Amino acid sequence: MVVLGIVLAIILAIANKKLFVYEDPRIDQVDEMLPQAQCGACGVPGCRPFAEAVVNRVKPPSACTVNTPEGNQDIASFMGIDMGETEKVVARLACAGGTHVAYTRAKYQGLQSCQAAAAVSGGGKGCNWGCLGLADCADVCDFDAIFMDEYGLPIVIEDKCTACNDCIVICPKDLFSLQPVSHKLFVACKSLDEGDIAEAECEVACTACEKCVVDAPEGLIEIKNNLAVIDFKKYDEITVDRLPIERCPTGAIVWIDSQLGTTRSSVGKAARQSTRTESLPQA
Amino acid sequence: MNLLNLFGKKTFPRGIHPEGFKEETHDHQARRLPFPAQIILPLSQNIGKPAIPIVHMGQHVRRGELIARADGFMSVPLHASVSGTIKKIDLVPSARGDKEQAIIIQTSLSSTQTHHHGDYQDFEKMSPQALVQAVQDTGMVGLGGASFPTHVKMKIPDDCTIDTIIINGCECEPFLTTDHRIMLEQISFMLRGIRIAMKAVDAPRAIIGVEDNKLNVLEAIRPHLPADDSITIEAVVTKYPQGAEKMLVYSLLGKEIPSGKLPSSIGVAIFNVATLAAIGELLPQRQGLIERIITITGDNLNKPGNYMVPLGTPLSHILKHAEFTGNEAELILGGPMMGMPASFLDTPVKKGTGAVLVLDKRATKRDDVLPCIKCSQCLQVCPINLNPSELGMLATKRKYDVMEEQYHLNDCFECGCCSYVCPSNIPLVQHFRIAKTLNRERHRMEVA
C-alpha cells in the first residue's frame, strides 16, 4: 500500500511538472476586479474569459458594460493600457403600442407570461407584432433595467442596461434590439400590416406613408413590407437630425435622446395620444 | 397488465374522468348551414409545408375545384369549398396567433353550389402506391385535430409491415360528438374508407375502437361488418385520453409504442373515423376535402348541434346560425382539454377543427395559481408516466434543457390531465408548451 502510494505520488509529481500550463497571474487579478455578473454582454462567455481577453489585449477594459467607468479605469491602470472607447449599447423596444393606443380584441386569462400568451392565439392583442405587456423581459433582466409602465409597455433604464441580450432572447415577438445610444432615430413599430389595417389596430403603428423616407438623408430609411426600416450602416450622427420624425402622421418614428427622453411628432393623431391617459376599451 | 383488462374491459392505466357534456348534441343529426358570403381558406391546413396557390385574383372557381397544389410529399392540396370568385390572396390572423397566407373567396349568390367531381376510380383495382397518391389528391389530413397528412401515414416505411389498423372512434374529449354522428350516419362511407386504408397499408385486419359511452354505435355498425372478421369493433372504457394514439393502441392490443417512434414500428397504423369516412366518400369520385362536420356546443346557444360546414367558414357565421345570445364568451376550436382558443371572430374553420366550443366566462374563470404542494396527483394521472410536478418546477426556473434531457419533455403530448387535477391550479401544460417552443428555437439556433 505504501509502495502504491509512493508510486502514485511520483506520477503526480512528474505530471505536475510535465503538464504544467503557465497562466498569466494577472488574469486572476483582473478577474477579481470585474463585477462577476457573468452576463456575456462583452461578447465573451463570462467574466474570466473576459479577463483573459483583456490580458491578451484582445478586448479593451471598457468593453465591460456592467462595470463602472472608474472600475474599468482601475483595470486599465493596472494593465498599463488605455481604457479604450466602447460606445454604450442599450436594448430598445420596437413597439409603442401600450394599452392606451393599441386595441385588444380578446382578453387573455392564462399564465401571465408573454411566451405563454403568444402560444395561445397570439395573446389577444389586435396587432400581431406588438408587445403583449406581460413582462417576461422585466422578469428576465438581471440588472433591474426594465420596468413596466402604466400602459403595459416595458421601459428600459439606459443607465442600468448592460446590453446583455437576455430580453432579446426571451421576447416572443422579437421586439428588442441592441442599439448604440448615438442612434437617436428609431422606428418604434414592427407591424407589417397595410396602412389602414395597421392604424385600425394601433394608433402609433407605422403606416408606410414614406414621409420619413423623403425627409431623411437619401437611402437612410427604406420601406420594406409596409414598415419603415432605418439602415444603420448609413447612419451618420452629424447629418441625421430630427427632421424625419416631424411629419410622421402616427408618431411611429421617434427620436431618443439619453437626456431628453423620447420625442415623437406632434401632428395628427399623435397630439391626441399625448393627452390620453386611460386604457382603450376592449373589443 | 391492467386489472380492468382481466374483466374484459379494455383500457390503459391512469388518466382522468372528466364530465362528458355530450347529451346536448349527440342526438343531433348533422345539418347544413347556409353558405357564408365569404370563405377564408388558409394555405397551411396541415402539419408540413403549406400548399401553393394556383389561382389568381378575380378568377371564378367551382365548388370542389383545385385552388392550391401540394408542395412536395409532406403537403396536401387545397380545394375551393364554395363556387365563387377569388377576392384576394392575403395575410389573415390564424388561430395560433401569427398571420398566415390565405385564399379568400367571395361566394356566388346565384350558384347552385354543386360539388365538382372527377371520373370514378375503383380502389379495388388500384396499387397501394396509387392509393397513397389518390389520398394525397383528396387533400386529406387527420380530421381528429392533429391535421397530419393522411397519405404520409399510409406510406409505410420499407422495414415495417402493418398487421393491424386501428380506427379511432373514441372521441374522449368532453362536449365533442362529431365522430359519434359520423359512426351512426356514414357507416358505408366509413367501411369503404377502412377497406381503402387496409389496402393502402396492406393490413389483414382492422379494429374500430369506440368508448363505451357510445354503445348505440356498436349496435348500428355490427350488422354491416364483413363475415370474415377482418373488421371488428370493440368497446373501450370511457376515460380521458383514451383517444390518444398511444393509449388506444395499449388498450386494444396491449402494446406500447416506444418513445420517439411511430406506430408503424410495432406494426400498427391508426386513423380517425372521420378521416376514413371522408376518404371513403371522396376518393372514388376523385373529389377534394371541402367540408366537414363540426360540433357547436356550450353556453348561451339556442341551436347547439352538429353541422356540416364548408372549410373556411368564419366563426362569426357559425355563431350567428347557432344563435349565440351572450355578450362575452371564450371560444375554443376543438375540445376543452386540447383545443385552441380563438381570439378573432373571422378565424376560419380548418380541416383539423372538430368543434367550436362556446364557454361562458364564468365557466372558464381561473383561480389564483398557488405553489406546488407536491401532492403527486399529476403523477397519478399522467398517461405516459412523466413527472409533471418536477417538470413544472423546472419550467419556473427556466431549466428547459434539463426538462428535455432528463425528464422526457418531448414525450408529453399535452393532454392536459395534469393541469386538470392540479389542486394548486398550476397551468402545467402551458409551461410545457413554452418549454417545447423555446427548446425548438434553441436547437434551430444550434444548427444554424
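## Domains of chain B

Chain B of this predicted model splits into domain 1 (3–26 + 119–285) and domain 2 (377–447), with bounds that come from an automatic or database domain assignment. The C-alpha centres of the two, domain 1 of chain B and domain 2 of chain B, sit 28 Å apart. Where they meet, eleven residues of domain 1 of chain B are in contact with twelve residues of domain 2 of chain B; contact here means that the C-beta atoms of two residues, placed from the backbone, lie within 7 Å.

A word on the ground rules: residues are numbered from 1 along each chain as its sequence is written, and chains are lettered from A and ligands numbered from 1 in the order in which they are written. As this is a predicted model, local features need pLDDT of at least 70 and side-chain atom pairs count only at pLDDT 80 or more, while totals for chains, interfaces and linings use all residues.

## Parallel strands around β10(B)

Helices (H or I, at least four residues) and strands (E, at least two) are DSSP runs, numbered from the N terminus. Strand β10 (residues 205–211) of chain B has a parallel neighbour in β9 (residues 164–169) of chain B, the pair being held over six bridges. Here B:G169 faces B:V210 of β10(B). β10(B) also runs parallel to strand β11 (residues 231–236) of chain B, again with six bridges, and B:G209 has B:E234 of β11(B) as its bridge partner. Two strands count as paired if DSSP finds at least two bridges between them.

## Buried spots in chain B

Five of the seven residues of β10(B) are buried, so the strand is largely enclosed by the rest of the structure. Buried means 20 or more other C-beta atoms within 10 Å of a residue's own, exposed means 12 or fewer, and partly exposed is in between, with C-beta atoms placed from the backbone. Helix α4 (residues 178–185) of chain B is likewise largely enclosed, because six of its eight residues are buried: B:T178, B:D179, B:H180, B:R181, B:I182 and B:M183.

B:L391 sits in helix α11 (residues 388–396) of chain B. With 25 other C-beta atoms within 10 Å, B:L391 is buried too. Leaving aside residues up to four places away in sequence, B:L391 touches B:L386, B:M403, B:Y407, B:L409 and B:F432. B:D137 is another matter: 254 residues apart along the chain, the C-alpha atoms of B:L391 and B:D137 are separated by 42 Å.

## The mixed sheet of chain B

Chain B also has an open sheet of six strands, ordered β1-β14-β13-β17-β15-β16, with mixed pairing. At the edges are β1 (31–32) and β16 of chain B, each with a single partner strand, so one side of each has no neighbour in the sheet. The partners β15 (residues 330–333) of chain B and β16(B) run antiparallel and are joined by two bridges, with B:I332 opposite B:P341 in β16(B).

## Where the chains meet

The contact between the chains takes 17 residues from chain B and 15 residues from chain A. On the chain B side, β16 (340–341) and α14 (428–447) each supply at least two residues. α14(B) gives the most, with four residues. By class, this side of chain B has eight nonpolar, four polar and five charged residues.

## Chain A

Chain A has eleven helices and nine strands, and is divided into domain 1 (24–86), domain 2 (90–178) and domain 3 (182–277). The centres of domain 2 of chain A and domain 3 of chain A, taken over C-alpha atoms, are separated by 20 Å. Between these two, 15 residues of domain 2 of chain A are in contact with 16 residues of domain 3 of chain A. The domain 2 side of that contact has nine nonpolar, four polar and two charged residues.

As for overall form, the C-alpha trace of chain A spans about 90 × 50 × 30 Å along its principal axes. Of its 283 residues, 40% count as buried.

Conventions:
Ala, Val, Leu, Ile, Met, Phe, Trp, Tyr, Cys and Pro count as nonpolar, Asp, Glu, Lys and Arg as charged, and the others, Gly among them, as polar.
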